[in-house]
Amino acid sequence: MVTQSGSSASFASSKRVLVTGGAGFIGSHLARRLFEQGHDVLVVDNFYSSTRRNLYDLINEPRFELMRHDVTFPLYVEVDEIYHLACPASPVFYQRDPVQTTKTCVHGSINMLGLAKRTGARILLASTSEVYGDPATHPQEESYWGNVNPIGIRSCYDEGKRCAETLFFDYYRQHALPIKVARIFNTYGPSMLPDDGRVVSNFIVQALRGEPLTVFGDGSQTRSFCYVDDLVTGLIALMGTSDDVTGPINLGNPGEFTMVELATKVLDLVGSDNELKYLPLPDDDPVRRRPDITRARELLNWAPTISLDEGLAPTVAYFRELVG
């Protein structure tokens, strides 16, 4: 059984915490965990790739506030900590408006860093394994600078996040701002959107609808899948470290699976014998992706505890209720 983990904070030590993009898949899980730990939580989101449904259970809580806001515009609030997650994270959404995606990464980070500087808040950037591009080293460790196409269809997100990391470290060096940078690898779990284009949600929704599972390339490309509860625990652990621990730190599950292996697991869980439909590999799609989490183990005492089989079960149950 999958359960949320992480120690509870006493109400006496509660903080006012801002989560940008907090109505999204990961953001909503993070906001709920922070609320359960006794913090006052402010979520800002423009709902471009998210839904209020993810936060319905918190809407009327007195220590929770949901604000419609686009982070490309300045925000004037008083907070103690900022988790900066705002940005469409799946190709379907970030390629729909690539200029806005870059603006969200760059202008959004400038605005949130400015807010952190004014309020003295500690700020964490939800960066991504996409900063490594199609990696020439395997597994990927944080010292690797990446192999990224700066002019491709994925560049708005890949290079946008790389620029966001640059801004965070320049604010750290120039203004002594307490920053944290997490590089998030593939994450899955309940509250994903059924149309977000991520491989886990794609496979599950297609299996439930009796459709062929679309596999790009020959299905031998790999990803490493981290259950969202594990990831949230890692984000909170990183935020709680001393100021000299800035990151970047990889957060992900080092278990590595091919797309065909993932498809087979989903079909077994759904109880379906759908066919696999092979399509051409998208441009700049990484062939292999697996995090080296040595830094996370050593600095955060963190490692994922939920296997892919354990995490897929509640994820399938969520989508079964959502799409039938």
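Okay, let's start with what I mean by a charge over a ring: NZ of Lys or CZ of Arg has to be within 6 Å of the ring centre and within 35 degrees of the ring normal. Keep in mind that this is a predicted model.

So where does that turn up here? Arg63 sits over the face of Phe35, 4.1 Å from the ring centre. Arg52 does likewise with Phe47, lying over its face at 4.1 Å from the ring centre.

Now, on to rings with rings. A pair of aromatic rings is described by the distance of the centres and the angle of the planes. The count for this model is seven aromatic pairs. Take Tyr132 and Tyr144: their ring centres are 6.0 Å apart and the planes make 20 degrees, under the 30 degrees cut-off, so we call that pair stacked. Both tyrosines are in the loop between strand E5 (122-128) and helix H4 (155-175), so the contact ties together parts that are twelve residues apart in sequence. Tyr132 and Tyr144 are both buried. Ring pairs also bring in Phe185, making a cluster of Tyr132, Tyr144 and Phe185.

Next, have a look at helix H4 itself. Phe169 and Tyr172 have ring centres 6.4 Å apart with planes at 80 degrees, and over 60 counts as edge-to-face, so that's what this pair is. These two are three residues apart in H4, which means about one helical turn separates them.

Tyr172 comes out at 32%, so Tyr172 is partly exposed.

How values were computed. Residues numbered from 1 in each chain as written. Predicted model: local features only at pLDDT ≥ 70, side-chain atom pairs only at ≥ 80, totals over all residues. Heavy atoms only, no water. Phe/Tyr/Trp six-rings, centres within 6.5 Å; stacked < 30°, edge-to-face > 60°. Helix = DSSP H or I, 4+ residues; strand = E, 2+ residues; numbered from the N terminus. Buried < 20%, exposed > 50% of the residue type's maximum accessible area, 1.4 Å probe, protein only.
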